[in-house]
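Dear colleague,

Please find the sequence and structure below for your review. My notes on selected features follow directly after them.

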Amino acid sequence: MSNDLEADLRAALGHAAERAPRAPGALSAHVVARSRRRTRGRALVAAAAAVLVAGGIGVAVRGAGDDPASPAVDPARTASAEVTQSAPSPSQEAAELPEPVEKVWPDAVWKIPAELPGGRKFHPLSFIDDRTLLLETWESFEKADAIYAYELDGGRTRKITDIRTPKGVFASGHTVGDGLVVWQTIDEGDGDETKGTRVTRFWSVPLGGGTPREIGTDRPVRGRGDELAVTGGRLAFSLHEGGVFTVPLGGGTVEPVPGAERHHILRWPWVGTPGEYTPDTETSFEELLNAETGERNTAVVRPGERFVRCGVTTCAGSRPDGTAFHRMRDGSRERDLPGGVAFTGLAADRFETVNLPMPPGGEYLHDLVTDKSGDLGIRPDAKGESISVQPGLGDGRLVSYPLGDEYVIIDLARIAADSPPGPS
Amino acid sequence: MDDDSRFADFVAERADALLRYGYVLSGNPHDAADLTQEALIRLHRAWPRVRRKQDPESYVRMTMARLHIGVWRLRRRERLVWDLPEDPHTDVPPSDVEQGLWRALATLPRKQRAVLVLRYYEQLSDEEIAGVLGVSRGTVRSHASLGLGKLRSAVPHPTAADRSAP
């Protein structure tokens with residue numbers, strides 16, 4: 001063997017390495033933000049993931065799932081944009097802080113201790129009913145070891161079941177229906193994706209407690225589950241790669257939903273395409289299909305509009321001139337969107353979080369239907385970092401975030417029920 | 001010091017080195033940045049475990065190598081969190097031989113290239129390479145031999161005559 005070749009190769013690689021791009025200074029903050037935002041099922045999406053923000057500026061934060069749009073935004077540009085655009089909704093003065101969320105929506109906001117009796121930290125997953133929260137505790141980062149029912153009035157906590165997953169496998173996508181908690185595990189080989197297509201498995205346990213049971217499928221489900229729903233004795237699921245399927249809750253044959261080969265569950269029975277993850281900033285959920293009735297709907301998107309993210313009834317995005325809008329899917333009732341582009345889209349078709357100008361920094365929750373705003377109470381720390389709350393698309397009912405020694409729980413469905421959107 | 005500050009310190013200290021590694025692994029700045037970003041995101045997600053049980057640097061380098069040869073590349077590419085400069089700066093223009101080798105490396109299958117980078121840039125033994133890529137030592141040797149063979153035939157070695165053996 002030629003030593004010359006090997007020596008030349010060493011030199012060529014060594015010199016080539018010097019031509020590599022340099023890392024930006026804020027790389028760590030961006031990576032952390034994106035890591036936290038990355039979907040591992042609904043737990044991190046609809047439930048408003050908390051994200052670390054550098055400098056108190058809502059840069060890397062206002063994105064959904066793996067949406068590439070937000071982190072690509074230049075921080076400097078965003079900073080100024082936020083200052084001008086996080087301007088007040090029509091009901092507020094710039095310098096005036098909104099009232100705290102618990103004052104604005106007293107029936108829909110709870111503050112509960114951030115630790116369970118015994119001192120364990122927990123992470124809210126979803127509502128079981130109007131008064132009960134589904135929580136999980138973690139054995140390690142994002143690796144659940146148990147799920148609990150937590151009564152919001154009184155704080156009674158009941159373990160539903162222990163969760164045991166192999167190394168590198170995480171329980172995600174928890175949803176409640178037919179008296180069951182249902183979730184998925186995706187065998188992703190501890191981050192090693194070189195082993196080919198991954199397989200998603202589904203599990204259920206009665207809300208009353210018990211041992212998790214696998215929802216058997218007649219063939220392995222190849223792909224990564226993204227959203228789950230329980231409907232009429234069946235589990236409906238969609239795959240990250242696209243496609244909506246159902247299987248009996250007791251296990252059985254996996255059946256594709258006709259016409260939904262590229263679709264993702266948005267809010268059952270609504271499924272749509274493209275899904276939440278749109279690598280080339282396509283419009284999220286531009287096309288919708290009602291999986292039960294076959295009804296179809298295509299959102300109006302105008303030339304030059306960007307970052308458009310649609311829900312079941314509304315869309316939000318950016319106009320060609322950079323200003324942000326929200327409107328109905330058919331293009332009607334277009335209004336300016338306070339706070340600039342909502343990269344996550346609107347939660348429950350009407351809620352967004354908006355950054356407060358610095359100082360004091362922080363965020364408020366804004367209801368576009370009533371134009372009410374409530375301060376989430378988050379403030380940057382001494383280093384200028386703060387968490388950011390992102391209610392997302394999907395059912396988007398639960399917003400939760402830690403605040404000091406407490407967890408703040410907001411039920412968007414309850415706020416919406418008190419003031420349904422009116423006719424135009 | 002909490003986990004996030006430790007992670008931030010790690011990224012601040014090692015990101016440029018990881019980008020260099022990603023660049024020789026992939027051959028272009030975009031894939032280098034993409035690989036580095038993705039591997040760091042995964043490192044962050046596994047941070048408490050990795051810090052406890054492994055060395056973050058080797059974890060992230062292993063992740064980058066496996067991502068590069070894996071199906072991930074074909075399926076998905078996230079927008080970078082930063083803009084790449086239009087023109088990478090170059091201090092020293094590479095020699096003709098080096099340029100030829102660099103171009104020839106681009107024609108190799110990913111696994112062959114990865115093995116050569118791990119051996120001649122990372123200076124790993126074949127056994128270590130086998131561990132990083134999750135393949136057998138025999139596979140490492142055959143990839144290395146095939147890869148070197150292709151480089152040898154693609155790049156005639158004018159210097160070989162000058163460097164007469166001692």
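In chain A, strand E3 (residues 123-129) and strand E4 (residues 132-140) run antiparallel and are joined by five bridges. Strands and helices here are DSSP runs (E, at least two residues, for strands; H or I, at least four residues, for helices), numbered from the N terminus. Two strands count as paired if DSSP finds at least two bridges between them. E3(A) passes to E4(A) through a hairpin of two residues, and Pro124(A) stands opposite Leu135(A) of E4(A).

Please note that this is a predicted model, in which local features need pLDDT of at least 70 and side-chain atom pairs count only at pLDDT 80 or more, while totals for chains, interfaces and linings use all residues. Residues are numbered from 1 along each chain as its sequence is written, and chains are lettered from A and ligands numbered from 1 in the order in which they are written.

Chain A overall

Chain A contains six helices and 29 strands. Of its 424 residues, 49% count as buried; a residue is buried if 20 or more other C-beta atoms lie within 10 Å of its own, exposed if 12 or fewer, and partly exposed in between, with C-beta atoms placed from the backbone. Among contacts in chain A between residues at least 6 apart in sequence, 49% join residues at least 24 apart. A contact requires the C-beta atoms of two residues, placed from the backbone, to lie within 7 Å.

A three-stranded sheet in chain A

An open sheet of three strands has the order E24-E25-E26 in chain A, with antiparallel pairing. Its edge strands, strand E24 (351-355) and strand E26 (373-375) of chain A, each pair on one side only. From one strand to the next, the twist averages 25°. Five bridges connect E24(A) with strand E25 (residues 363-367) of chain A, and Thr353(A) has Leu365(A) in E25(A) as its bridge partner.

Backbone exceptions in chain A

Most residues other than glycine have a negative phi, and most peptide bonds are trans.

- The peptide bond from Trp268(A) to Pro269(A) is cis, with omega near 5°. Pro269(A) is placed in the loop between strand E16 (264-267) and strand E17 (270-273) of chain A.
- The peptide bond from Thr273(A) to Pro274(A) is cis, with omega near -10°. Pro274(A) lies in the loop between E17 and strand E18 (287-290) of chain A.
- Asp178(A), although not a glycine, has a positive phi of about 50°. Asp178(A) sits in the loop between strand E7 (171-177) and strand E8 (180-187) of chain A and counts as partly exposed, because it has 15 C-beta neighbours inside 10 Å.
- Arg333(A), also not a glycine, has a positive phi of about 55°. Arg333(A) belongs to the loop between strand E22 (324-328) and strand E23 (335-336) of chain A and is exposed, with 12 other C-beta atoms within 10 Å.

A helix pair in chain B

The axes of helix H7 (residues 110-120) and helix H9 (residues 137-154) of chain B come within 8 Å and cross at roughly 95°. Axes are lines fitted to C-alpha atoms, for helices over the stretch in contact, and angles run from 0 to 180 degrees between N-to-C directions. H7(B) and H9(B) are therefore roughly perpendicular to each other (65 to 115 degrees; under 35 is roughly parallel, over 145 roughly antiparallel and the rest oblique). Lys111(B), Val115(B) and Leu116(B) are among the H7(B) residues in this contact, and those of H9(B) include Val140(B) and Leu146(B).

Yours sincerely
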